[in-house]
Amino acid sequence: MNSQQEVVWSLENGYGGNGSSCKEIIWNGKTAQTVTSSILRKKSDPVLVSNVRFKKLRQFLENLQEVILGTKLAVLFPAIPLAVAADFYNFGRPWIFALSLLGLTPLAERVSFLTEQIAYYTGPTVGGLLNATCGNATELIIALFALYQNKIHVLKYSLLGSVLSNLLLVLGTSLLCGGLANLRKEQRYDRKQADVNSLLLLLGLLCHMLPLMFRYAAGPGTSTANATLQLSRASSILMLIAYIAYIFFQLKTHRQLFESQEEDEEEEKAVISFWSAFSWLVGMTAIIAVLSEYVVGTIEAASDSWGISVSFISIILLPIVGNAAEHAGSIIFAFKNKLDISLGVALGSATQISMFVVPLCVIVAWIIGIYMDLDFSLLETGCLGLTIIIVAFTLQDGTSHYMKGIVLFLCYIAIAACFFVHKIPQNESTVKPGAKPSSCVLLAA
């Protein structure tokens with residue numbers, strides 16, 4: 001057996017060259033999201049700053065080079081100061097929205113990079129927990145600002161769009177491109193991880209459907225606002241418990257199910273120190289917060305100026321731009337016939353939004369006295385339910401081909417067309433803090 005065959009045998013059987021578990025060597029608290037975003041990174045040239053005499057300045061420039069210039073999306077960073085300048089000089093609000101949206105794209109990828117750097121120092125458990133909670137930091141911050149500004153319709157639309165985008169657009173394009181690039185190969189993936197995520201998505205769907213079915217079961221003319229709100233809060237607590245159990249399942253008891261996707265990845269090392277990564281993470285989170293406030297505050301103006309409904313912008317445009325880095329990485333790994341990573345990105349991100357971000361927003365709204373429930377209305381809930389069922393059927397046999405990708409992608413186009421023509425008055429979905437929606441608002445929803 002030659003050396004290459006020995007390496008292949010070791011990877012297949014989970015052992016490294018020294019007899020230790022190969023998975024234990026490679027795993028460092030990463031998730032599929034951080035693995036895919038790493039494909040958009042580029043190595044920096046240390047010669048550029050090596051001639052700087054002052055140590056502190058040299059370290060700062062090295063960190064700046066790694067964090068700002070260490071991504072292929074660095075060309076979009078100028079959109080951040082342009083968005084701030086546009087707001088300061090009172091440029092058109094649609095310009096502020098567009099520039100803020102572009103600026104969020106590289107920031108989302110850099111947050112993934114920084115959490116990965118911190119994971120090298122904190123160990124696999126803490127690092128994995130950090131990645132599991134920060135994987136969709138951009139969506140969470142936008143949702144919290146929408147909640148704070150009492151734009152519940154924008155919040156619900158953006159979170160729903162993130163789930164639909166990951167399950168149909170990301171997964172669909174990944175299966176399509178992977179199938180076309182590997183026509184002569186049978187693409188296979190581990191069904192165990194997909195089954196776990198599908199179960200959690202179905203549980204989240206049930207919790208979304210219960211308030212909707214309860215409202216329709218009560219019949220017209222019956223006030224169900226308070227009961228729906230209490231049911232949503234109880235369901236949100238159960239969803240958070242399920243997500244905590246999922247994290248424990250992923251990081252402790254059944255970690256091998258989620259490590260299999262990284263068996264052929266090379267071991268990497270941290271390129272910046274812990275405190276540098278932590279400082280940059282805090283700074284970029286603050287910038288994301290500023291841009292998120294711009295996005296939420298100018299979305300209606302952009303809708304009026306462009307003639308596009310708020311629902312289409314929130315459900316379609318926001319997730320596409322905000323998750324562009326992960327989307328591109330997922331497709332590239334599908335080209336390389338590494339579907340476990342692509343599925344980990346799409347299903348893992350959708351699960352995190354559905355089972356963590358959505359119920360967390362309900363709990364936060366409960367704390368600050370704003371009315372928010374899990375009733376996403378009939379059209380939105382129907383799209384979510386059919387999407388989860390279609391994806392579950394698509395992934396049931398553990399094999400893939402480009403036809404599956406075509407079907408998922410066309411489903412996304414159909415939903416996008418639906419929300420492109422779907423327009424509701426902007427004030428119908430907005431409820432004042434502590435107030436209960438009237439029956440006409442509930443019927444309109």
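1. Let me start with Thr-387, which lies in helix H18, spanning residues 377–394. Keep in mind throughout that this is a predicted model. Is Thr-387 buried or exposed? Its relative accessibility is 2%, so Thr-387 counts as buried, the cut-off for that label being under 20% relative accessible area.

2. What does Thr-387 touch, leaving aside residues up to four places away in sequence? The partners are Leu-164, Leu-167, Leu-168 and Ile-415. Three of those numbers, Leu-164, Leu-167 and Leu-168, fall in the range of helix H10, residues 152–181.

3. Zooming out, the chain has 20 helices and 2 strands. Of its 445 residues, 52% are buried. Thr-387, then, is one of the residues that count as buried.

4. On contacts: take those in the chain with a separation of 6 or more, and 83% of them are between residues 24 or more positions apart. As for surface, the chain exposes about 20000 Å², with 66% of that area supplied by carbon and sulfur atoms.

5. Now the charged pairs. How many salt bridges does the structure hold? There are 6. I'll go through some of them below.

6. Glu-300 and Lys-151 meet through their side chains in a salt bridge, at 2.9 Å from N to O. Glu-300 sits in helix H14 (residues 274–306), while Lys-151 is in the loop between helix H9 (137–148) and helix H10 (152–181), so the pair ties together parts that are 149 residues apart in sequence. Glu-300 is buried, at a relative accessible area of 13%, and Lys-151 is buried too, also at 13%.

7. Arg-215 and Asp-375 form another salt bridge, their side chains meeting at 2.7 Å, N to O. This pair links distant parts of the chain: Arg-215 belongs to helix H11 (residues 191–218), and Asp-375 to the loop between helix H17 (339–368) and H18, 160 residues apart. Are these two residues buried or exposed? Both Arg-215 and Asp-375 are buried.

8. Lys-192 and Asp-190 also meet in a salt bridge, with an N to O distance of 3.9 Å; the cut-off for calling it one is within 4 Å. Asp-190 has a relative accessible area of 22% and is partly exposed.

Technical notes
Residues numbered from 1 in each chain as written. Predicted model: local features only at pLDDT ≥ 70, side-chain atom pairs only at ≥ 80, totals over all residues. Heavy atoms only, no water. Helix = DSSP H or I, 4+ residues; strand = E, 2+ residues; numbered from the N terminus. Buried < 20%, exposed > 50% of the residue type's maximum accessible area, 1.4 Å probe, protein only. Contact = heavy atoms within 4.5 Å. Areas by Shrake-Rupley, 256 points an atom, 1.4 Å probe, with all protein chains shown as cover.
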